[in-house]
Amino acid sequence: MGSHIDADPTHAVDGLVRAIRDLTSDPNYKMVADVFSEFLYVKEQNNKLSSSHQVVLEEYRKFRNELEAQKDGIEQEKRGLEMVVQEKVQEIIQLSAARTRLESDLEDTQKSLDEEKRGAAEAAETAAREYVELTEKTTKEYTDLEEKTAKEYADLEEKTAKEYADLEEKTARQYAELGDKTSKEYSDLEEKTAKEYADLEAKTAQEYADLQAKTAQEYAELEEKTAKEYADLEAAKAVVEEEKRLGEEAAAAAAAQAADEIAALTEAKTGLEEVKANNEAEIESLKNNVADLETAKAELGQIKSDNEAEIATLKDRIAVLEAEKAKLEEELEAARQDITSLNETIVQKNNEIESLQESLRAAEEQIVSLQQTVEDKNGEIEDLHGKLKAEGERADGAEAHGRNLQTRLDETTQTLRVTTGKLTNLEQYRIVLHSDNDDTYVTVLDKIWTTIVTLVESTFRPDIDEQILSDPSCWTNLRSSPYLKHATQLQIPLPQSNTSAAKGMRISAVLAVLSRAMHKHIFRPVYLLDDDDENLVKFLRALEDEDPTREAHMRATLLAMMPERQQEQAQGRVKMVVREVSWLVQHLLSALQFEAFCGGLEGACRLACEQWMRIQLASMKIEPYFGPPYDDFDWQVLELPEFAEAAEREAGMPHTTAAGDEAVVDDRLETVEAGSPPAGSVAGAANKADSTGGSSGGFHDAASHGHEEEMLDGEIDPDEILLVVWPSMCAVESGELMSITQGLVISKEQARPALEEQRSRSRLIPRPGSRRARTMSMPGQSRGSSPSRGKPAHFLSHAQTASEVAVDLADDA
């Protein structure tokens, strides 16, 4: 073997070449080559079977690993279940302890309830016994009292009847005696008078007869004597009548005496009746005592019912405790059932582990069977040839499908070309919105603001003529403006004077009116409509909330419509703003001032309209926001020099008002009716705008830097806002307003000097028939901030002087 290894390689190569040449020259070479090819094929199939065997082994190892992982998971679940069982056992122990404790508490409660029941029963028995005794006693006393009262009443009635009968008998007897005596005396007197009259008449007749007898004899004398006797008879008749009158007077006196006696008897009868009434009152009091006894009886019945109610309450409490006991027993039974179910789960998991072990043993047996089936793979080799043919056919089908896809791609390309042409035609009906950064639009808005504030300050900062100040009708238009009425729920003080506070409030009020008029007519998304387009604004806002892309497309389409009409509408809106604002302030300015103000206002509004038309072309939708609410926005205080002067004057002026007036002036503002705040969702805020020199409302001079630092660079708490003089310009994003500039406001503290001045003047000038409106508190200074979108641009960071504004106006013209 060593000689074979040490043989010359050249000889071996030559021998191999000769063998190959002999083989190729052999006529059976083709058959040998075929055998060799089949040998290579069999060798390749053997390699494939080896690789498939390796795959089977890999699958076996993978399956075994999965089984071991499942076994580990089951073991872990078993440990978890054992821990759960231990926890449940602990819970059972705790529940048992709690049950024992509750049972002891229940026993104690039961004992206390039994004691309370016994006490209540004893109290009920005692109360019942006392009630029975009291009832018997009351009944007995009532019976005795009723008998006594009846007896006393019968005795009193009998006595009263007897006394009344005796009194009536006595009175009748006395009246009869008096009547008999009076009638006897009257009859005697009448008889006596009649007798004397009869005697006198008889005597007179006698004498008359005698005189008649003597008439014939002594006629002349008889006449004289008759006349004399007739006079005597008349005198006697007068005497008789006088005696008759005296008898009648005596009878009248006797009758009067009898009447007095009758009156005395009547008084005695009245006294007896009073005694009878007193007795009846005493009887009534006795009846009241009986009613009091009945009331006491009813109170005892109420006490008895209260005791019965308390006993019922105790029974209810016992029932509640019994229910709680039953509930605890149910919970304990549920816990026992949980433990039983957990034990069953443990048994089930153990069974699953055993079944998995059985499965593992079956898998091992299956692996053995797989090893035995390796030889069966030789039969599958022929199937592989068929599959290869099928794959060739599949490749042909794939090529045909590729050609079909190419055809469809060509058709789609043609459709895309047509659609692009149509889209290009549609794009002709809308404008392309610009996507500039925020600073560009902040610069535009700042230019509008500086133009407006410069015009208003230069017009209303000079002193107003005294004749205008003293005429309230000159101020009516401004004070009654709907823009001011709907701007805030608080009263805007506008003193009729030339003080710093009055000037500051005049400038602020005019700025507030002008900004709202511009919002109504100029700060609009499009200028297509010639009337109120608030509905269009609301529609675009709702569309932007639902689909911002469609809203931008709609706005671009509207802006592209009728550009000449929009230009005409823009000019008309400028004139509308000039007309509304000039009408409000026309009586506060002289003729020259009014003319100059109208000209400057028209130029400023035209500039604002032109600049706003640039903002209309922005893809970012910008809207002004006045509030309320103010909470989700940052607001910048309008620092006018007049407010600073008024504050310094107020700080240096001694307070001479009464304590009550000072409290009212310092802490409250009068409220008036105001419109409802606009609805809609608002979010985000803006940081403070940088303010530079100058006297305009957005600028801070060097003297006010300390106050700026104290107020967080001009920011103000929303609760301190009195009036928004310039809106916060906001970008609409996802239906929410996100500030890009801060709004300018007047704080309650700034308006305080003007309010004090107006109130002092109103106290000096009485108003007949008027009354004070109710006031609301003005809270103190507080600092607040709200979230902002990123870091918004500083509003008024591009401040302009009056000369620069004039140059800009000239350039724009």
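Predicted model: local features only at pLDDT ≥ 70, side-chain atom pairs only at ≥ 80, totals over all residues.

How many aromatic pairs does the count come to, if rings of Phe, Tyr and Trp (its six-membered ring) pair when their centres lie within 6.5 Å?

Modeller: The count by this rule comes to 8 aromatic pairs. In one of them, the rings of F523 and W612 have their centres 4.7 Å apart and their planes at 45°, so this pair is tilted (planes under 30 degrees apart count as stacked, over 60 as edge-to-face and the rest as tilted). F523 lies in the loop between α10 (500-521) and α11 (534-546), whereas W612 belongs to helix α14, so the pair ties together parts that are 89 residues apart in sequence. Helices (H or I, at least four residues) and strands (E, at least two) are DSSP runs, numbered from the N terminus. F523 and W612 are both buried (buried means under 20% relative accessible area, exposed over 50%, partly exposed in between, with a 1.4 Å probe and protein chains only).

Residues are numbered from 1 along each chain as its sequence is written, and side-chain values use heavy atoms, with hydrogens and water left out.

Two packed helices are described by the angle between their axes and the distance between the axes. For α6 (residues 438-460) and α14 (residues 591-616), the angle is about 170° and the axes are 10 Å apart (axes are lines fitted to C-alpha atoms, for helices over the stretch in contact, and angles run from 0 to 180 degrees between N-to-C directions). The two helices, α6 and α14, are therefore roughly antiparallel to each other (angles under 35 degrees count as roughly parallel, over 145 as roughly antiparallel, 65 to 115 as roughly perpendicular and the rest as oblique). Contact between them, meaning heavy atoms within 4.5 Å, involves residues of α6 including Y441, V444, L445, I448, I452 and F460, and residues of α14 including F597, L601, A604, L607, W612 and I615. The residues of this contact of α6 with α14 divide into 14 nonpolar, 5 polar and 2 charged (Ala, Val, Leu, Ile, Met, Phe, Trp, Tyr, Cys and Pro count as nonpolar, Asp, Glu, Lys and Arg as charged, and the others, Gly among them, as polar).

G603 is another residue of helix α14. With a relative accessible area of 17%, G603 is buried. Its C-alpha atom is 9.8 Å from that of I452, although 151 residues separate G603 and I452 in sequence.

Let us return to the rings. F523 and W612 are both buried, as noted above. In a further pair, the rings of Y630 and W635 have their centres 5.6 Å apart and their planes at 85°, so this pair is edge-to-face. Y630 counts as buried at 11% relative accessibility, and W635 counts as buried at 0%.

W635 also meets S728, a residue of strand β5 (residues 728-733). At 0% relative accessibility, S728 counts as buried. Its side chain makes a polar contact of 3.1 Å with the side chain of S739 (a pair of N or O atoms within 3.5 Å; within protein, one must be able to donate a hydrogen and the other to accept it, and residues adjacent in sequence count only if both atoms are side-chain atoms). Leaving aside neighbours within four places in sequence, the contacts of S728 also include E623, P624, Y625, F633, T741, Q742 and G743.

The loop between β1 (622-625) and β2 (635-637) contains P628, and P629 lies in that loop between β1 and β2 as well. The peptide bond from G627 to P628 is cis, with omega near -10°. Another cis peptide bond joins P628 and P629, with omega about 5°.

Some remarks on the whole chain complete the picture. The chain has 19 helices and 8 strands. Of its 813 residues, 30% count as buried. Among the contacts in the chain with a separation of 6 or more, 86% come from residues 24 or more positions apart.
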